[in-house]
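My entries follow in the order in which I made them.

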Amino acid sequence: MTDIGRVVVVGASAAGLTTAEALRREGFAGLITLVGDELHLPYDRPPLSKQVLLGKWEPERTSFRDDATYQRLEIGLRLGATATGVDLDARTVSLASGDRVPYDRLVIATGVRPLRLRQGHELRGVHVLRTLDDTLALRAALAGSTSVAVVGAGFLGSEAAAAARTLGKEVTLVDLVPVPLSRQFGDELGGWIGDLHRDHGVTLRTGVGVRKLLGDEAVTGLELADGTTVTADVVLVAIGSKPATDWLAASGVPLDDGVLCDTTCEAVPGVYAAGDVARWHNERFGVSMRVEHRMNATEQGMAVAKNITGDPKPFTPIPYFWTDQFDARIQAYGIFPPDAKMTVAQGDPTTRKLIAHYHHDGDLVGVLGWNMPRELRAARALLTRD
Ligand SMILES: Cc1cc2nc3c(=O)[nH]c(=O)nc-3n(C[C@H](O)[C@H](O)[C@H](O)COP(=O)(O)OP(=O)(O)OC[C@H]3O[C@@H](n4cnc5c(N)ncnc54)[C@H](O)[C@@H]3O)c2cc1C
């Protein structure tokens, strides 16, 4: 560690902050600069589509740390600062302000950006949901709305649809895929999630894409590819995201749907990546991964800090995620390849309490729990492949 005086972390959120704090825990005494383009103190995103959208939490509650903690840990926060490039030879990060920030080690933790529809995004009432500001804008719009269309029935879209319905709105959930979340968990389990939404009064329009957004200045609804229309005074576009790597395009940092790292999360000598933006080879499962889930941001941030300060070790987590929709908490460990075979190992879908096993090539590679947290923790042990 003797040659390392300065670590710069770009992306001041879950992965970046975890890396900075873990560096201090590992005994790193040099300069740490945490660069982020948002203006808020680093905050947590999962509550945005749940407690904050529902109005149960005020925004401050999502902050990870207060000002005093950054001072105590001597983490130099540069908020409102957008990184625009990296010079790998000079070992500097350039900022939109024109500043160049020198580093000995660089950690890229810039996450992902939401995709937008090509047409109609400028209409009033059309939203995406990634940042605290996005959530507050959507929350304010929902307060004055009666009908909401959510485009995209992935995790984010399904959670937001559940929140909007809980707030008493007429909600239509639209997706090109016939069964919600089937790409993540297969048709059968996705079908049960679809039923959960239907039973709570969400209208599902699946298996059909959006042709265009309707409205002049403000959105009035959607026209679908089959010619039918959906009325909505608020539209949430939740059609996925892409890694926030544009700023690295000319840098020489290897990019391939994320920052391409080796097994230890190092992309090129001295440059690491963590969180939603990082792609690496997970030796435990023998696959290349990029994981857009909260737990991975923490685990990978800690792994990067350890690899910067000590002997580099491969990062081999069992990925974990959870989602809350209506009264369902769905949690999962492992991987869920599209051709995995799902079986219900415990519980029963009709009671909305179950443990599902996912087998691939004869191996148990994923376990999923629906309102059975204790049993799921036990099921996780079956997965461990050392
Ligand atoms: C609404 C919502 C709900 C979620 N719910 C769940 C859930 O229930 N369960 C779960 O497992 N996961 C959930 N997630 C996913 C989880 O929040 C992410 O996996 C996690 O935030 C990833 O952290 P990160 O630090 O890698 O990236 P991010 O949190 O995206 O942070 C990246 C930061 O870098 C900044 N940045 C980008 N480019 C630049 C640049 N050029 N210069 C400076 N700064 C830059 C961004 O503005 C951002 O602040 C949810 C995500 C969202 C948005």
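Strand β13 (residues 210-215) and strand β14 (residues 219-224) pair in the antiparallel sense over 5 bridges, and the two form a hairpin with 3 residues between them. I note that this is a predicted model, in which local features need pLDDT of at least 70 and side-chain atom pairs count only at pLDDT 80 or more, while totals for chains, interfaces and linings use all residues. Residues are numbered from 1 along each chain as its sequence is written.

I then followed β14 onward and found 3 bridges joining it to strand β15 (residues 229-231), with the two strands running antiparallel. The bridge partner of E223 in β15 is T229. The hairpin of β14 and β15 has 4 residues between the strands, and in it G227 takes a positive phi near 90°. Strands here (E, at least two residues) and helices (H or I, at least four) are DSSP runs, numbered from the N terminus.

Why is strand β10 largely enclosed by the rest of the structure? I found that 4 of the 5 residues of this strand (residues 147-151) are buried, so the rest of the structure largely encloses it; a residue is buried if 20 or more other C-beta atoms lie within 10 Å of its own, exposed if 12 or fewer, and partly exposed in between, with C-beta atoms placed from the backbone.

β10 pairs in the parallel sense with strand β11 (residues 170-175) over 5 bridges, and S147 stands opposite E170 in β11. The chain passes from β10 through helix α4 (residues 155-166) to β11 in a right-handed β-α-β crossover, a term used when, with the strands pointing away from the viewer, the path from the first strand over the helix to the second runs clockwise. β10 also pairs in the parallel sense with strand β16 (residues 234-237), over 4 bridges, and there V148 stands opposite V234.

The domain assignment, which is automatic or from a database, gives domain 1 (6-113 + 242-309), domain 2 (116-239) and domain 3 (327-380). The C-alpha centres of domain 1 and domain 2 lie 30 Å apart. Their contact takes 13 residues from domain 1 and 14 residues from domain 2, two residues being in contact if their C-beta atoms, placed from the backbone, lie within 7 Å.

Which residues come nearest to the ligand, of the 36 around it? I found G11, S13, R45, G111 and G275, where a residue is near a molecule if its C-beta atom, placed from the backbone, lies within 6 Å of it. The shell draws at least three residues from each of domain 1 and domain 2, and α1 (14-25), β2 (31-36), α7 (294-309) and β23 (320-325) each supply at least two of its residues. By class, the shell has 18 nonpolar, 11 polar and 7 charged residues; Ala, Val, Leu, Ile, Met, Phe, Trp, Tyr, Cys and Pro count as nonpolar, Asp, Glu, Lys and Arg as charged, and the others, Gly among them, as polar.

Key: Two strands pair if DSSP finds at least two bridges between them.
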